[in-house]
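Trainee: I have a model open and would like to learn how to read its side-chain contacts. Could you take me through them?

Mentor: Gladly; let us look together.

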Amino acid sequence: MRKNVVLIGFMGTGKTSSGRMLAQRLGSAFIDLDQKIERDNHMSIPQIFQQQGESGFRTLEHQAVLEASQHASAVISTGGGTVKDPHNMKALRERGVIVCLRASVDAILDRTKKRGDRPVLDKADEGDRREAIEKLLEERASLYEQADFVVDTSDLSPMQVVDKILRFLRIRGVIHG
Ligand code: S3P
């Protein structure tokens with residue numbers, strides 16, 4: 001059994017697209033936590049935030065983390081705020097190696113400009129979205145630093161990101177060949 005590869009990082013850093021491609025390259029299962037939460041609860045993330053608030057969402061997210069952490073040899077893409085709960089990180093780390101994707105504020109702004117998908121940012125839309133991103137990034141910086149490996153995806157395609165992660169996994173002995 002191989003360790004899980006867990007992708008953490010801020011919204012818009014490419015966790016879902018790189019994670020899906022990484023899973024394909026490794027021939028392993030891909031679990032996207034946000035998609036799992038939506039499927040398990042028959043609601044979109046914005047609907048969950050609307051009906052249950054952020055704390056309700058975090059409870060469902062924690063449940064999804066506990067279930068996903070039971071896998072082995074999977075690629076798990078987390079949500080940008082999954083790192084906020086130390087219990088989540090403990091569970092994910094038990095069977096996983098943690099890779100953080102990061103990106104510049106400009107890249108994040110560009111990749112998250114579609115409204116309606118990300119309630120944590122949409123909340124700040126009346127104000128300055130750039131400022132909201134900078135503030136959240138600062139608040140969460142130390143949480144993202146818990147990773148075993150960091151890739152800056154600002155100027156990379158998902159394929160280039162995946163190549164970097166694969167190189168790291170080989171060096172770490174998580175995968176061979
Ligand atoms: C969140 C990020 C989102 C999603 C939810 C909350 C956050 O995931 O889990 O909207 O607090 O940063 P993505 O990072 O996949 O957008």
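Trainee: Which kind of contact do the side chains of Lys114 and Asp117 meet in?

Mentor: The general idea is that side chains of opposite charge can pair when their charged atoms come close. Here Lys114 and Asp117 meet in a salt bridge, with 2.8 Å from N to O. The term asks for a side-chain nitrogen of Lys or Arg within 4 Å of a carboxyl oxygen of Asp or Glu. Before we go on, note that this is a predicted model, where local features need pLDDT of at least 70 and side-chain atom pairs count only at pLDDT 80 or more, while totals for chains, interfaces and linings use all residues. Residues are numbered from 1 along each chain as its sequence is written, and side-chain values use heavy atoms, with hydrogens and water left out.

Trainee: How many salt bridges does the structure hold?

Mentor: There are 14. One of them joins Asp163 and Arg25, whose closest N and O atoms are 2.8 Å apart. Asp163 sits in helix α8 (residues 158–171) and Arg25 in helix α1 (residues 15–26), so this pair ties together parts that are 138 residues apart in sequence. Helices (H or I, at least four residues) and strands (E, at least two) are DSSP runs, numbered from the N terminus. Both partners are partly exposed: Asp163 at 28% relative accessibility and Arg25 at 45%.

Trainee: Which residues are linked with Arg58 in a network of salt bridges?

Mentor: Glu54, Glu61 and Lys84 are in that network with Arg58. Take the bridge from Arg58 to Glu54, where the closest N and O atoms are 2.9 Å apart. These two are four residues apart in helix α3 (residues 45–68), which puts about one helical turn between them. Arg58 is buried, at 18% relative accessible area, whereas Glu54 is partly exposed, at 24%.

Trainee: How many aromatic pairs are there?

Mentor: The count is two. Rings of Phe, Tyr and Trp (its six-membered ring) pair if their centres lie within 6.5 Å; planes under 30 degrees apart count as stacked, over 60 as edge-to-face and the rest as tilted. Phe49 and Phe57 make a tilted pair, 4.8 Å centre to centre with 35° between the planes. Phe49 is buried at 15% relative accessible area, and Phe57 is buried at 3%. Phe149 and Phe168 are stacked, at 4.4 Å and 0°. Phe149 belongs to strand β5 (residues 149–152) and Phe168 to helix α8, so the pair ties together parts 19 residues apart in sequence. Phe149 counts as partly exposed at 23%, and Phe168 as buried at 8%.

Trainee: Which residues come nearest to the ligand?

Mentor: Of the 13 residues around the ligand, Lys15, Asp34, Arg58, Arg118 and Arg140 come nearest. A residue is near if one of its heavy atoms lies within 4 Å. A side-chain N or O atom of Arg140 is 2.7 Å from a ligand oxygen, and one of Arg118 is 2.8 Å from a ligand oxygen. Gly80 brings a backbone N or O atom to 2.8 Å from an oxygen of the ligand.

Terms used: Buried < 20%, exposed > 50% of the residue type's maximum accessible area, 1.4 Å probe, protein only. Polar contact = N/O pair within 3.5 Å; in protein donor to acceptor, adjacent residues only side chain to side chain.
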